[in-house]
Amino acid sequence: MVLAKVWFLVVWCCVLWGGHQISATNTSCPSAFLNRCSCGMAYSPYDGHRQMKYTVNCTNSGFRTASMLHSLPEETEVFIFTGNTIPTLPINMFNKTLFYNDLDVIDMSNNHIRFIQGKTFHRVYRVKTLILNHNDLDITDKKERPRLFSSFDSLEHLHLTNAFSEKINSSDYLLSLEDIFYESTLDLLKTLHLEQNEIWTIGNNTGVFCQLPKLQDLFLTDNRLRDFDFRIDCLHSLRNINLERNMIARLSDDAMRALDNFNRDNSTVTIRMQQNNFDCDCRSKNFIQWLNTTKVNIEGWSDLKCVDGYPSTNIGKTLSEVQELPCSSHSKLGRMGAVGHGSHPHGYSSSTIGALSFLLVFTTSMLLAVLYFHKEKAKKLFTPYWDFITRKIGYTGLSHDEAPQEVNV
């Protein structure tokens with residue numbers, strides 16, 4: 001009797017546990033999926049495992065073609081197709097005769113995708129989350145690129161982390177991305193992820209995000225940005241900008257002014273800038289003063305640390321601790337300053353310049369002395385070259401009318 005009860009409890013626990021798993025053991029997918037995927041009800045990882053949804057999961061399935069997606073079940077709510085090798089996504093990737101009205105999430109990360117045809121996605125009007133992370137996208141094709149997201153009328157979350165080919169300069173694909181946003185209907189987009197894309201500047205097309213009027217969260221983490229150099233005055237719903245782990249030494253006056261103006265006209269925006277290369281010398285005075293006075297929410301700014309600075313005692317301090325920011329010939333500003341304002345070119349000290357001047361005079365004197373004691377040899381050596389140069393100058397200095405004329409015999 002006791003054993004029976006124990007056995008019942010074990011079976012019941014297994015049933016309960018199985019109910020919390022993706023029907024991972026359920027491979028009742030159409031035959032075109034070659035028993036490599038799981039199809040069935042599962043808790044969605046894209047909403048914090050709160051709801052069970054009909055999920056088709058083809059993770060690390062070894063596919064090198066997307067032809068099986070013509071058989072994607074019409075009831076699919078979450079579609080996970082990651083870890084495969086599909087360099088080019090075909091036109092009309094899903095079944096053209098079915099209506100995927102319940103499809104909510106498409107995750108096609110890490111598939112080595114390089115090209116997405118203009119009509120790849122169709123009947124995805126209800127999709128709210130599209131994830132294309134860790135691919136090798138080339139979106140610079142002028143013919144196809146504008147239609148890339150044109151069918152995603154309900155899209156709210158777009159993930160493009162480490163999504164683009166490293167063979168193409170980020171400024172080029174950002175220009176293309178601006179065209180794509182312009183041609184698409186992404187009026188409901190709330191979240192845009194652009195982390196890890198080797199972005200050095202967005203300034204070549206400062207309005208790249210202006211076609212996303214409902215954008216709330218912009219993630220630019222782990223890039224190479226040196227400043228906040230894009231327009232946000234057009235983003236009235238913007239609430240969060242993540243600039244962590246970039247290469248920002250300080251914000252420019254234009255960037256600080258833009259953030260202050262945006263904060264006055266809208267609800268406050270929160271900026272995250274942890275783990276940047278902050279430089280605490282006299283060029284950072286305006287930036288540090290701004291951090292102390294701005295009403296923009298710079299999250300955790302008092303913990304931001306100086307990676308470099310002058311004097312060297314500033315290095316390692318938090319920006320809130322820095323008090324001394326002198327300008328000197330030894331500071332980076334001094335090395336870039338103009339001559340005549342208390343700083344020498346390139347930051348050389350007076351003693352260094354004096355030593356270099358003495359060396360130059362001494363070397364010149366020695367050369368003149370050698371030439372004097374060997375003047376006869378020098379005369380014989382240089383006279384032919386001097387005669388040649390003077391003759392050459394004499395001819396090239398003649399006007400066209402004075403030049404020797406060719407005589408016909």
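I began with the torsion about the S-S bond of Cys 282 and Cys 327. It is about 115°, so this disulfide is right-handed. The model is predicted. The two sulfur atoms of Cys 282 and Cys 327 are 2.2 Å apart. I then placed both ends: Cys 282 is in the loop between strand E13 (278–280) and helix H4 (285–293), Cys 327 in the loop between strand E15 (306–309) and helix H5 (332–336), so the link ties parts that are 45 residues apart in sequence. Cys 282 has a relative accessible area of 7%, so I put it down as buried.

Next I looked up the disulfide total, which is five. In sequence order, the bonded cysteines of the protein chain pair as 1-3, 2-4, 5-6, 7-9, 8-10.

I went to Cys 37 and Cys 58. Their sulfur atoms are 2.1 Å apart, forming a disulfide. Cys 37 sits in the loop between H1 and E1 and Cys 58 in the loop between strand E2 (52–57) and strand E3 (78–80), so parts 21 residues apart in sequence are tied together. The S-S torsion here is about 115°, so I noted it as right-handed. Cys 37 is buried at 3% relative accessibility. Cys 58 is buried at 0%.

Then I checked Cys 29 and Cys 39, joined at an S to S distance of 1.8 Å. The link is right-handed, with 110° about the S-S bond. Cys 29 is buried at 14% relative accessibility. Cys 39 is buried at 0%.

Last, I turned to the surface. Phe 358, Phe 362 and Met 366 form a nonpolar patch there, with about 360 Å² of accessible area together. I found Phe 362 in helix H6 (residues 350–373). Its relative accessibility is 47%, so Phe 362 counts as partly exposed.

Terms used
Residues are numbered from 1 along each chain as its sequence is written. This is a predicted model: local features need pLDDT of at least 70, side-chain atom pairs count only at pLDDT 80 or more; totals for chains, interfaces and linings use all residues. Side-chain values use heavy atoms; hydrogens and water are left out. Patches are made of residues with over 30% relative accessible area and no salt bridge: like charges are joined within 9 Å, nonpolar side chains (Val, Leu, Ile, Met, Phe, Trp, Tyr) within 5 Å. Accessible areas come from the Shrake-Rupley method with a 1.4 Å probe; for residues, only the protein chains shown count as cover. A salt bridge is a side-chain nitrogen of Lys or Arg within 4 Å of a carboxyl oxygen of Asp or Glu. Helices (H or I, at least four residues) and strands (E, at least two) are DSSP runs, numbered from the N terminus. Buried means under 20% relative accessible area, exposed over 50%, partly exposed in between (1.4 Å probe, protein chains only). A disulfide is a pair of cysteine sulfur atoms within 2.5 Å.
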